[in-house]
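Hello,

Here is the structure I promised to pass on. Please open it first, then read my notes below.

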Amino acid sequence: MLKIAVPNKGSLSETAAQMLAEAGYNGRRDPRELVIQDPKNDVEFFYLRPRDIATYVGSGALDVGITGRDLLLDSESPAAEVAELNFGESTFRFAGPAGAFENVEQLEGRRVATSYPGLVGAFLAQSNVTTTLVKLDGAVESAVRLGVADAVADVVSTGSTLRKAGLEIFGPVILQSTAVLISSGIQKPGADTLLRRLQGVLVARQYVLMDYDVPRIHLDAASALTPGIESPTISPLADPDWVAVRAMVPRLETNQIMDALWEVGARAILVSPIHAVRM
Ligand SMILES: Nc1ncnc2c1ncn2[C@@H]1O[C@H](COP(=O)(O)OP(=O)(O)OP(=O)(O)O)[C@@H](O)[C@H]1O
Ligand SMILES: O=P(O)(O)OC[C@H]1O[C@H](OP(=O)(O)OP(=O)(O)O)[C@H](O)[C@@H]1O
Ligand SMILES: [Mg+2]
């Protein structure tokens, strides 16, 4: 039975659970449940703190897991990143009081607060900068105002938490993070199926199905707008001068593509959601 680690709390937990449900796996109903078996799919889910997931997977106690790339690197676990999961996107940055710092070298001899001492320590060492790391559990943005650190290094998404704390980003991007699927490195039955199903969920979310009719003489122009993944499906219509076309198109480009198709003579343009995909 494949043992899968899933975040039990925090920013990643809801989307991770939703993706697994869309991928056809059983989820937990009670948020206090720690382990859930899904015998039909021959998998078992362990609900753990996202920060601990890389440790469990890296040790081989669990086979695969969903966590953040920043947490994986911070843990220094030997678990390997298998795929990006297109949620939980953030950057990891240094920040300090407005105007106080311009580059990472200016942190020499200063105090830097972070919940990611492994990640930040490795980055500073690589940059040949010696600092005192102040290890905090969260809300690190308050550390400067409260006088326990001169700067912070933390997860930034919209930047609003930093702004509210009167801090400004400076220096290089420490890391671009995203939710990732990680593996112990030992190939277990079911791991490939999990990956394929999750990738199917990502594609189903990113694409819609577009159908339209177009005069045969304009087919090349229309097909160029909707090349699909491999190539569009072209079907004959009762009227020999017209054809029907079906292709997957990126969800975010739906309206621009419909406008452009209309311009080249396509009509009866229909868009439908994709519920599941196996590429
Ligand atoms: N605002 C955010 N936007 C996107 N990703 C985030 C955000 N905050 C944290 N993350 C990501 O979530 C993961 C952190 O998991 P963690 O359990 O610490 O979540 P959290 O939201 O900080 O929860 P908590 O602080 O309540 O424990 C990291 O991979 C981090 O990059
Ligand atoms: O750039 P923003 O969109 O403001 O998001 C970034 C903030 O979100 C997370 O905080 P969280 O709410 O998880 O609290 P924590 O610091 O206690 O973990 C992260 O640690 C940052 O503080
Ligand atoms: Mg947090």
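The centres of domain 1 and domain 2 are 28 Å apart, taken over C-alpha atoms. Please keep in mind that this is a predicted model.

First, the domains. The chain is divided into three stretches: domain 1 (2–88 + 178–189), domain 2 (90–176) and domain 3 (207–273). Between domain 1 and domain 2, 7 residues of the former are in contact with 7 residues of the latter.

Next, ligand 1. Where does ligand 1 lie? Domain 1 and domain 2 both give residues to its shell, so ligand 1 lies between them. There are 14 residues around ligand 1. Those that come nearest are Gly 10, Ser 11, Gly 68, Ser 90 and Ser 157. By class, this shell holds 8 polar, 4 nonpolar and 2 charged residues.

Now ligand 2. Its surroundings include Ser 11, Gly 138, Ala 139 and Glu 141. Also among them is the run Asp 154, Val 155, Val 156, Ser 157, Thr 158, Gly 159, Ser 160 and Thr 161. Which element gives the most to this shell? It is β9, with 3 residues. Both β9 (151–156) and α6 (160–164) supply at least two residues each. The shell around ligand 2 divides into 7 polar, 3 nonpolar and 2 charged residues.

Strand β9 is part of an open sheet of 5 strands, in the order β8-β7-β9-β6-β10. The pairing is mixed. β8 (132–135) and β10 (167–177) stand at the edges. Each has a single partner strand, so one side of each is left without a neighbour in the sheet. From one strand to the next, the twist averages 25°.

Look at β10 and its partner. Strand β6 (residues 90–97) runs antiparallel to β10, and 7 bridges join the two. As a landmark, Gly 96 stands opposite Glu 168 in β10.

UniProt, in an unreviewed entry, lists residues 204–275 as "domain: Histidine biosynthesis HisG C-terminal". In the model, this span is 40% strand and 28% helix. Its end C-alpha atoms lie 6 Å apart.

Best wishes

Conventions:
Residues numbered from 1 in each chain as written. Chains lettered and ligands numbered in written order. Predicted model: local features only at pLDDT ≥ 70, side-chain atom pairs only at ≥ 80, totals over all residues. Near = placed C-beta within 6 Å. Nonpolar A, V, L, I, M, F, W, Y, C, P; charged D, E, K, R; others polar. Domains from an automatic or database assignment. UniProt positions renumbered as here; feature names shortened; annotations may be inferred. Helix = DSSP H or I, 4+ residues; strand = E, 2+ residues; numbered from the N terminus. Pairing = 2+ DSSP bridges. Axes fitted to C-alpha atoms, helices over the stretch in contact; angles between N-to-C directions. Contact = placed C-beta atoms within 7 Å.
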